[in-house]
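Have a look at the structure, then read on.

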Amino acid sequence: MENVLKDMVSSGGDDEGTKQQFLKAEEMRTKSLLKCSKVKFLVEIMDRMGCKVDANSFFKSQHCDGKINGGFSLNEDGSPSIVLCQNHIQDQEWMDRTVTHELIHAFDHCRANINWERDCDQHACSEIRAAALSGDCDWKFEVMRGHFKVPKQHQECVRRRAILSLQFNPMCQGKEDKCVDKVFETCYKDTLPFPEMP
Ligand SMILES: [Zn+2]
């Protein structure tokens, strides 16, 4: 969603604080690739599918103006890349979740060549999977967000977060709920490449 990210990513100024944030994000990202089992698994699977993730060119740590942790986008030549929001990602667990979330989009793009700017159903499906499989909806984060245990809490969280993410795609405006509802059941159940909900 290149055009979305262009509006939301800025250099964040040239000061020492920004530089420190950048270095810390890069360090955490390196650690995710080395140590986070979900991240390592996704990278390896994509490698086998012919969609190699080259750590240094695939990821960019940047300042983000919008309230986002990261973004998946296609470069002008169609190659995918991932932005990690250095001013929002606060700790290693947060980085692991964000990298996993964006790698699910990269995996979906690798397997289905999604048209992110045209196909809201496919985009919705990928957001559902990314929210469900990355750990974004683990109960402890939900409690921190003020959402206490309700029946089907995980599904409700996944649905809510998928709708939120879809709002950043101008093509999906006004039909976020409809798209998410339409594909929810199928996509929530689709845990690939994980054998089950990790
Ligand atoms: Zn997403």
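Helix α3 passes helix α5 in a left-handed crossing, meaning the near helix is turned anticlockwise from the far one by less than a right angle. Bear in mind that this is a predicted model: local features need pLDDT of at least 70, side-chain atom pairs count only at pLDDT 80 or more, and totals for chains, interfaces and linings use all residues. Residues are numbered from 1 along each chain as its sequence is written.

**How α3 and α5 pack**
- α3 (residues 37-48) and α5 (residues 92-112) meet at an angle of about 20°, and their axes are 9 Å apart.
- That's why the two count as roughly parallel (angles under 35 degrees).
- On the α3 side, the contact (C-beta atoms, placed from the backbone, within 7 Å) uses K38, V39, L42, I45 and M46, while α5 brings in D96, V99, T100, L103, A106, F107 and C110.

**Helix α8**
- Buried residues in α8 include C157, V158, I163 and L166; buried means 20 or more other C-beta atoms lie within 10 Å of a residue's own, and exposed means 12 or fewer.
- Among the things covering those buried residues are α6 (120-134), α7 (139-144) and α9 (176-189).

- N113 isn't a glycine, yet has a positive phi of about 50°.
- You'll find N113 in the loop between α5 and α6, where N113 is exposed, with 9 other C-beta atoms within 10 Å.
- The peptide bond from L192 to P193 is cis, with omega near 5°, and P193 sits in the segment after α9.

Note on methods: Axes are lines fitted to C-alpha atoms, for helices over the stretch in contact, and angles run from 0 to 180 degrees between N-to-C directions. Helices (H or I, at least four residues) and strands (E, at least two) are DSSP runs, numbered from the N terminus. Angles under 35 degrees count as roughly parallel, over 145 as roughly antiparallel, 65 to 115 as roughly perpendicular and the rest as oblique. Two residues are in contact if their C-beta atoms, placed from the backbone, lie within 7 Å.
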